[in-house]
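Please read these notes with the sequence and the model side by side.

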Amino acid sequence: MFYEHHMLATAGYAGLAALYGISLTLDVVRLRNKLQVSLGDGTREQVLELLTKYRQDPAILDDAKQVSPFGSKYYRLTRAVRIHGNYMEVAPITLLLVGLAEYNGMDTLAVHGIMLTFLVTRVLHRRALRDDATAAGRNRLYGTSAYLLLTIGIASWNVWKVIAEPAVRAAWSAIQSSF
């Protein structure tokens with residue numbers, strides 16, 4: 001049966017979002033296998049690596065490059081785990097908000113725009129955390145900023161549509177009926 005509010009656009013993007021999430025999961029699995037880390041993000045292994053170096057030469061703690069996590073072979077895994085974790089933190093609420101907005105009458109073209117923007121922001125975020133030396137580059141700034149603005153916008157639209165718009169209509173009707 002075909003319903004008026006069928007949320008086809010959101011459903012399609014939910015599928016794309018799931019496939020993207022799987023690709024992030026596979027990044028973590030690949031790095032864990034390569035580095036022989038069975039659980040976690042490699043922090044334990046980074047600390048053990050540093051302790052081994054410290055036992056050989058305690059002066060290593062004076063060398064910032066030696067003790068920095070950025071130089072560890074496990075740091076790429078730490079980044080991949082955070083990229084995956086961040087995505088899994090933000091994707092469900094985004095899909096829920098957009099799905100509810102589509103159900104409540106948001107134009108399909110707006111849904112496409114929002115979901116495409118969401119996916120692009122997540123790709124920028126992934127690229128920033130994976131490729132930038134300190135993970136503080138412009139891609140991260142743009143991706144995070146765009147995501148936050150997008151979420152504030154879609155959340156506000158839902159609040160307006162479900163709470164404020166009916167209240168405004170009720171107040172307007174009351175005003176009109178008083179004349």
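**Notes on the predicted model**

1. L16, L19, I22 and L26 form a nonpolar surface patch of about 400 Å². A patch takes residues with over 30% relative accessible area and no salt bridge, nonpolar side chains (Val, Leu, Ile, Met, Phe, Trp, Tyr) being joined within 5 Å and like charges within 9 Å. Areas come from the Shrake-Rupley method with a 1.4 Å probe, with only the protein chains shown as cover for residues.

2. L26 belongs to helix α1 (residues 8–35); helices are DSSP runs of H or I with at least four residues, numbered from the N terminus. L26 is exposed at 51% relative accessibility (buried is under 20%, exposed over 50%, partly exposed in between, with a 1.4 Å probe and protein chains only).

3. The model is predicted: local features need pLDDT of at least 70 and side-chain atom pairs 80 or more, while totals for chains, interfaces and linings use all residues. Residues are numbered from 1 along each chain as its sequence is written, and side-chain values use heavy atoms, without hydrogens and water.

4. There are five salt bridges in the structure (a side-chain nitrogen of Lys or Arg within 4 Å of a carboxyl oxygen of Asp or Glu). One of them joins R44 and E45 at 3.7 Å, N to O. R44 is exposed at 59%, whereas E45 is buried at 14%.

5. Which residue does R169 meet in a salt bridge? The partner is E165, at 2.8 Å, N to O. Through shared partners, salt bridges link K161, E165 and R169 into one network.

Terms used
Helix = DSSP H or I, 4+ residues; strand = E, 2+ residues; numbered from the N terminus.
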